[in-house]
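Dear colleague,

I am passing on the structure below for your files.

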Amino acid sequence: MLKAVLFDIDGTLGDTLPLCVEAYRRCVQELTGRLPEPQEVTAHFGLSDRGVLGALLGMHPDDPALPIDRFVAVYGRLHPAMAPAPFPGAADTLRGTRECGLHVGIISGKEHYTANPTLDFFGFRGLFEWAGFGLPTHNNKAERLQEAMQLWNLTPEELVYVGDAPSDIRLAHSVGVRIINAAWASTAAAEQDACLALGPDYRLTDMAELLPLIRSLAGRNAG
């Protein structure tokens, strides 16, 4: 029986991936005069904020001189225009999941530098019991899923992860956790084949379908 749901942020709760890409591009341009191609930025996704920025600037992510504050400022400046609101129904889905008596958490490749501003901007802070953020060295979502299981004393079968990326499917399955592939973002079509090839447990193209599925997995009435 389902006891906990963990959510990704970018591409899952909000259409924020274009914002992330553009914030890195603009930040690098302001610092160096060079505007990276979007593909150069996304090649480093899976790493955290410091990991991506460090890779783009040729700096170690732990270098005290890494201009992470500059990146956060650019991200915040672009947020209102590029990601003015979460996906319709996201807040109701989070509240409805809590009302089912389930644990609700976040696992994101972001670090707190941009995760918390986005959660605040969307009005989501306080809706999660726990948050597991990314690392600059590698995609650590499998480790975060294991942390959540330890925190709440759950088996893999009692947990489900909601994420949009092919790596989310691969890493969730690597620790035996079911995944709901979120395919409702503007960026989802580009990764459809890669996601389907990895065999997600569920793939939804409309966020309105998510809460009924969660209720069903939790043994609750879907209405």
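Helices here are DSSP runs of type H or I with at least four residues, numbered from the N terminus. Please bear in mind that the model is predicted.

I begin with helix 7. Asparagine 153, which follows this helix, has a positive phi, near 55°. The helix comprises 12 residues (141-152), which at 1.5 Å a residue should span 16 Å; the C-alpha atoms at its ends lie 17 Å apart, in agreement with that expectation. Its buried residues are Lys141, Ala142, Arg144, Leu145, Ala148, Met149 and Trp152. Because these cover an arc of only 160° around the axis, they fall on the same side of helix 7. Among the elements that cover them are strand 1 (4-7), strand 2 (103-107), strand 3 (130-132), strand 4 (159-163) and helix 8 (166-174).

Helix 8 contains aspartate 168, which is buried at a relative accessible area of 2%. The side chain of aspartate 168 makes a polar contact of 2.7 Å with the side chain of lysine 141. Beyond its neighbours within four places in sequence, aspartate 168 is in contact with Asp8, Lys141, Tyr161, Gly163 and Ile179.

The structure holds 14 salt bridges. One of them joins arginine 50 to aspartate 62, with the closest N and O atoms 2.8 Å apart. Arginine 50 belongs to helix 3 (residues 49-57) and aspartate 62 to the loop between helix 3 and helix 4 (68-82), so this pair ties together parts 12 residues apart in sequence. Arginine 50 is buried, at 16% relative accessible area, whereas aspartate 62 counts as exposed, at 52%.

Another salt bridge links aspartate 92 and arginine 95, with a closest N to O distance of 3.9 Å. These two are 3 residues apart in helix 5 (residues 90-99), and therefore about one helical turn separates them. Aspartate 92 is exposed at 53%, and arginine 95 is partly exposed at 39%.

Aspartate 120 and arginine 125 also meet through their side chains in a salt bridge (3.1 Å, N to O). Finally, salt bridges with shared partners join Asp8, Lys141 and Asp168 into one network.

With kind regards

How values were computed
Residues are numbered from 1 along each chain as its sequence is written. This is a predicted model: local features need pLDDT of at least 70, side-chain atom pairs count only at pLDDT 80 or more; totals for chains, interfaces and linings use all residues. Side-chain values use heavy atoms; hydrogens and water are left out. The expected span of a helix is 1.5 Å times one less than its number of residues. Buried means under 20% relative accessible area, exposed over 50%, partly exposed in between (1.4 Å probe, protein chains only). The arc is that of the directions from the helix axis to the C-beta atoms. Contact means heavy atoms within 4.5 Å. A polar contact is a pair of N or O atoms within 3.5 Å; within protein, one must be able to donate a hydrogen and the other to accept it, and residues adjacent in sequence count only if both atoms are side-chain atoms. A salt bridge is a side-chain nitrogen of Lys or Arg within 4 Å of a carboxyl oxygen of Asp or Glu.
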